[in-house]
Amino acid sequence: MAEKRSRILVVDDDVDILELLKYNLEKEGFRVKTVDDSTDTIKVAKKFQPDLVILDIMMPEISGFEVCEQLRSIPSFEDTYIFFLT
């Protein structure tokens, strides 16, 4: 039986940070999806169903705090772990 790998969604407007986190998290065995535009976060999260969301706080368009509020308003994300990246 295949082991279920935890899914992590990383949201940051800095592509270098996204690549660094994706590389290191995948190296540790996690499934990682990255988003560089905060306006796409909810759509991607609904499709990917992450176990953990790592959010940059300071992003253009929609801040990490606003994205967190939007995610928390969706019942399937009420218990999803959310970490902020500064």
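Q: What relative accessibility does L21 have?
A: This is a predicted model, in which local features need pLDDT of at least 70 and side-chain atom pairs count only at pLDDT 80 or more, while totals for chains, interfaces and linings use all residues. Residues are numbered from 1 along each chain as its sequence is written, and side-chain values use heavy atoms, with hydrogens and water left out. L21 is found in helix α1, where helices (H or I, at least four residues) and strands (E, at least two) are DSSP runs numbered from the N terminus. L21 counts as partly exposed, a class that lies between buried (under 20% relative accessible area) and exposed (over 50%), with a 1.4 Å probe and protein chains only, and the value for L21 is 23%.

Q: Which residues does L21 contact, leaving aside its neighbours within four places in sequence?
A: L21 lies in helix α1, and its C-alpha is 12 Å from that of L55, a residue 34 places away in sequence. Once neighbours within four places in sequence are left aside, the contacts of L21 (heavy atoms within 4.5 Å) are with V10 and L85.

Q: Is V11 buried or exposed?
A: V11 belongs to strand β1, which covers residues 7–11. Leaving aside neighbours within four places in sequence, its contacts include L18, V35, I54, L55 and M59, together with S38, T41 and D56. Because its relative accessibility is 0%, V11 counts as buried.

Q: Which residue meets R7 in a salt bridge?
A: In general, side chains of opposite charge can pair when their charged atoms come close. A salt bridge here requires a side-chain nitrogen of Lys or Arg within 4 Å of a carboxyl oxygen of Asp or Glu, and the count by this rule comes to two. In one of them, which has an N to O distance of 3.9 Å, the side chain of R7 meets that of D51.

Q: How many residues apart in sequence are the parts that R7 and D51 tie together?
A: The side chains of R7 and D51 meet in a salt bridge, in which R7 is buried with a relative accessible area of 15%, whereas D51 counts as partly exposed at 27%. R7 lies in strand β1 and D51 in the loop between α2 (41–48) and β3 (52–56), so the parts that this pair ties together are separated in sequence by 44 residues.

Q: In which helix do K22 and E26 lie?
A: The side chains of K22 and E26 meet in a salt bridge of 3.1 Å, N to O. K22 is partly exposed with a relative accessible area of 29%, and E26 is partly exposed at 36%. The two residues are four apart, about one turn of the helix, and both lie in α1.

Q: Is T80 buried or exposed?
A: T80 has its place in the loop between α3 (64–72) and β4 (81–85). Leaving aside neighbours within four places in sequence, T80 is in contact with P50, D51, L52, V53 and R72. With a relative accessibility of 8%, T80 counts as buried.
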